[in-house]
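Take a look at the structure below.

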Amino acid sequence: MPELIKLYEQNINPREMQKAVEVLKKGGLIIYPTDTVYGLGCDITNKSALQKIAQIKGVKLEKANFSIICKDLSNLSDYVKQIDSSTFKLLKRALPGAYTFILPSSKTLPNGFKNKKTVGIRVPDNAIAVELVSLLGNPIVSTSIHDEDEVLEYTTDPELIYEKWQSKVDLVIDGGYGDNHASTVIDVTGDSPEVVRKGKGSLDVL
């Protein structure tokens, strides 16, 4: 039976957090809180786990648009081609925050992303998500469990999320009620930033 663990952003229990990290290291799937809606995630280096998430979402892995959740921008060059200073300043201004930035991918991406020309990068303003990535030692790949058509209670209430997803994942982190809005998606692969989807993140950063 998948476990439901309770974590508090202001006082993260290291023993409980380690449970989630171990699940990721073993190729498991977790649902975890972010600064927007809850996310479904796995270790970026585990291709079989990536394929599981793609299967759940009903897409082929090579066509999936998953986000890469980073703890900060320090290892950006591992996943993204060199970007100009204005783009980097925009990322520094907006992150951590409720944004997903579409960036040109580097050739050093893990196997599951080898043919991707672009990647979505996120640094959530959520201590649980950031600590998870930090302890794992590399990013996690994530997709929202948000229902795009309407806001449903099971996308915000951790206990209802657990009831709905327990047959598909290995662990659910209860970090309190989630937000009803996904991240704001900004494409910075062109000549100027383009808002692909307006979400929780303010457009004041542009």
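**A helix with a buried side**

Start with helix H3, whose buried residues are covered by, among others, strand S5 (99-104). The model is a predicted one. Helix H3 spans residues 85-94. Its buried residues are Thr87, Leu90, Leu91 and Ala94. Look down the axis of H3: these buried residues fall within an arc of 95°, so they line one face of the helix. Now turn to the face pointing away from that buried side. There H3 carries the exposed residues Ser85, Lys89, Lys92 and Arg93.

Thr87 sits in H3. Its relative accessible area is 10%. Buried means under 20%, so Thr87 counts as buried. What does Thr87 contact, leaving aside its neighbours within four places in sequence? The partners are Leu103 and Val188.

Next comes a pair of helices. H1 covers residues 14-25, and H4 covers residues 127-136. Their axes come within 10 Å and cross at roughly 55°. That angle makes H1 oblique to H4. The crossing of H1 past H4 is right-handed.

Which residues make the contact? From H1 come Met17, Gln18, Ala20, Val21, Leu24 and Lys25. From H4 come Ile128, Glu131, Leu132, Leu135 and Leu136. Sorted by class, the contact of H1 with H4 has eight nonpolar residues, one polar residue and two charged residues.

Key: Residues numbered from 1 in each chain as written. Predicted model: local features only at pLDDT ≥ 70, side-chain atom pairs only at ≥ 80, totals over all residues. Heavy atoms only, no water. Axes fitted to C-alpha atoms, helices over the stretch in contact; angles between N-to-C directions. Helix = DSSP H or I, 4+ residues; strand = E, 2+ residues; numbered from the N terminus. Parallel < 35°, antiparallel > 145°, perpendicular 65-115°, else oblique. Left-handed = near helix turned anticlockwise from the far one by under 90°. Contact = heavy atoms within 4.5 Å. Nonpolar A, V, L, I, M, F, W, Y, C, P; charged D, E, K, R; others polar. Buried < 20%, exposed > 50% of the residue type's maximum accessible area, 1.4 Å probe, protein only. Arc of directions from axis to C-beta.
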